[in-house]
Amino acid sequence: MQTGCGSAFDQGKGQGKNMRDYQTYIGEICDTLLFPTEAKETMEQAWEKICANAAAKETFLKWLLVYEADGKLDYKEVLKAADTAAKEAGIASYTADLLIYLLMTAHLKERYQEKGISEQIWLDSCMDLNWKLHECRKMYGIWGSFVSWWFDGFFEMTRFALGRLQFELMDFPESYEKTGHVRPEGMTKVINMHIPSCGPLKKEDCEASFRQAAAFFADAFPGEEIAFFCESWLLYPRHREFLSPDSGIVQFMSFFDIYKTEEGDGDLWRIYNREYDGNPEALPEETTIQRGYKKLLLSGGHAGYGEGIFFQKKKEML
């Protein structure tokens with residue numbers, strides 16, 4: 001085990017499984033999660049700078065020890081602490097925010113093993129760090145994450161990547177009944193899904209993910225049906241105005257009864273990799289969806305999002 005910043009608890013702060021060689025682990029987990037070489041080097045150098053600053057190192061190790069002790073954290077406080085450590089160590093806050101979660105993946109893997117959840121699900125779930133890494137690089141030119149508040153569900157083990165999509169249980173939305181639909185008697189939960197920015201959205205991949213999620217969360221549905229829910233910009237009905245019926249987004253929309261929509265341009269960064277300043281003329285036109293949204297915005301329209309639900313018979317899914 002290396003000395004200095006290599007040994008996480010080299011001053012007697014931890015023992016047993018908490019005694020980690022974090023310097024080596026950062027390189028290993030970056031390789032496992034397929035980080036680009038430059039991103040891996042950025043994370044390794046960031047940890048070295050943190051270790052060179054006593055206050056920054058103490059801040060990081062405090063929260064890592066808390067997580068390894070019981071798997072529970074105040075994630076807002078963790079990110080505040082990471083940002084403070086970033087300033088003390090002279091690194092980007094977005095880099096520090098992602099780095100502390102990278103280090104936490106080691107204990108998260110142990111928790112998966114203890115609960116008998118496959119290593120593949122752990123890996124697929126941790127790959128979200130990669131997807132957010134690339135979003136941050138595209139948006140701000142920084143290897144890190146500007147949405148690290150989002151990771152808590154993965155590390156609390158309430159959100160899981162199951163194939164192409166990510167899922168977690170949530171209460172059945174009351175708003176669905178207000179549209180005149182009736183939820184199945186006794187159904188109190190839905191499987192809420194998220195769509196990471198990790199490539200094409202293919203219908204067959206989504207269907208495979210739905211089946212995995214149905215099996216994973218089957219115990220939450222004592223009746224004959226399983227419900228899936230999604231709230232996303234991907235469910236904005238106006239996509240059908242400028243995307244072909246066989247596009248991945250339109251096919252994804254077709255799974256759902258989209259019962260609620262609202263306008264809002266806050267998710268346009270996902271399409272253009274930049275914050276939208278209200279000037280559609282300046283937006284790029286490199287892809288079909290970029291051209292479609294630019295035309296929509298130039299005509300006075302707006303982006304938006306939708307909420308949708310669909311039901312599947314258990315016998316068809318399991």
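## Basis of the description

Two strands are paired if DSSP finds at least two bridges between them. Strands (E, at least two residues) and helices (H or I, at least four residues) are DSSP runs, numbered from the N terminus.

The structure is a predicted model, in which local features need pLDDT of at least 70 and side-chain atom pairs count only at pLDDT 80 or more, whereas totals for chains, interfaces and linings use all residues. Residues are numbered from 1 along each chain as its sequence is written, and side-chain values use heavy atoms, with hydrogens and water left out.

## The six-stranded sheet

Six strands make up an open sheet with mixed pairing, in the order E1-E2-E3-E4-E6-E5. The edges are taken by E1 and strand E5 (257–263); each has a single partner strand, so one side of each is left without a neighbour in the sheet. Direction ignored, neighbouring strands are turned by 25° against each other on average; axes here are lines fitted to C-alpha atoms, for helices over the stretch in contact, and angles run from 0 to 180 degrees between N-to-C directions.

Lys 260 stands opposite Glu 307 in E6. Helix H10 (residues 203–216) packs on the sheet and touches E1, E2, strand E3 (189–194), strand E4 (225–232) and E6, with its direction at about 45° to that of E2. Contact means heavy atoms within 4.5 Å.

## The E1–E2 hairpin

Strand E1 (residues 159–162) and strand E2 (residues 165–171) pair in the antiparallel sense over four bridges. Phe 160 has Phe 167 in E2 as its bridge partner. The two strands form a hairpin with two residues between them, and Gly 163 in the turn has a positive phi of about 75°.

E1 is covered on both faces: Arg 159 and Ala 161 are buried on one side, and Phe 160 and Leu 162 on the other. Buried means under 20% relative accessible area, exposed over 50%, and partly exposed in between (1.4 Å probe, protein chains only).

## Nonpolar cores

A nonpolar core is a set of buried Ala, Val, Leu, Ile, Met, Phe, Trp, Tyr and Cys residues joined through side-chain atoms within 4.5 Å. The largest has 101 residues, and Phe 228, Phe 252 and Tyr 293 have the most contacts inside it. Helix H5 gives the most to this core, with eleven residues. Apart from it lies another core of five residues, among them Cys 136, Met 139, Val 147 and Trp 269.

Beyond its neighbours within four places in sequence, Phe 252 is in contact with Leu 165, Met 193, Ile 195, Leu 201, Cys 206, Cys 230, Leu 234 and Leu 235. Ala 213, in helix H10, counts as buried at 0% relative accessibility. With the neighbours within four places again set aside, Ala 213 is in contact with Leu 162, Phe 167, Ile 191 and Phe 228.

## Helix packing

Helix H1 (residues 22–32) packs against helix H5 (residues 93–115) at an angle of about 95°, with their axes 10 Å apart. That makes H1 roughly perpendicular to H5; angles of 65 to 115 degrees fall in this class, those under 35 count as roughly parallel, those over 145 as roughly antiparallel and the rest as oblique. Tyr 22, Tyr 25, Ile 26, Ile 29 and Cys 30 in H1 meet Leu 99, Leu 102, Leu 103, Thr 105 and Ala 106 in H5. By class, this contact has nine nonpolar, one polar and no charged residues; Ala, Val, Leu, Ile, Met, Phe, Trp, Tyr, Cys and Pro count as nonpolar, Asp, Glu, Lys and Arg as charged, and the others, Gly among them, as polar. The buried residues of H1 include Gln 23 and Gly 27, and their cover includes helix H2 (37–51), helix H3 (54–70), H5 and helix H6 (119–126).

The axes of H2 and H3 come within 6 Å and cross at roughly 110°. These two helices are therefore roughly perpendicular to each other. Trp 47, Ile 50 and Cys 51 in H2 meet Ala 56, Lys 57, Phe 60 and Leu 61 in H3. The residues of this contact comprise six nonpolar, no polar and one charged.

## Positive phi values

Most residues other than glycine have a negative phi. Leu 34, which follows H1, has a positive phi near 60°. Met 157, in the loop between helix H8 (152–155) and E1, also has a positive phi, near 60°, and counts as buried at 10% relative accessibility. Asn 273 lies in the loop between helix H12 (269–272) and helix H13 (288–298); its phi is positive, near 55°, and at 31% relative accessibility Asn 273 counts as partly exposed.
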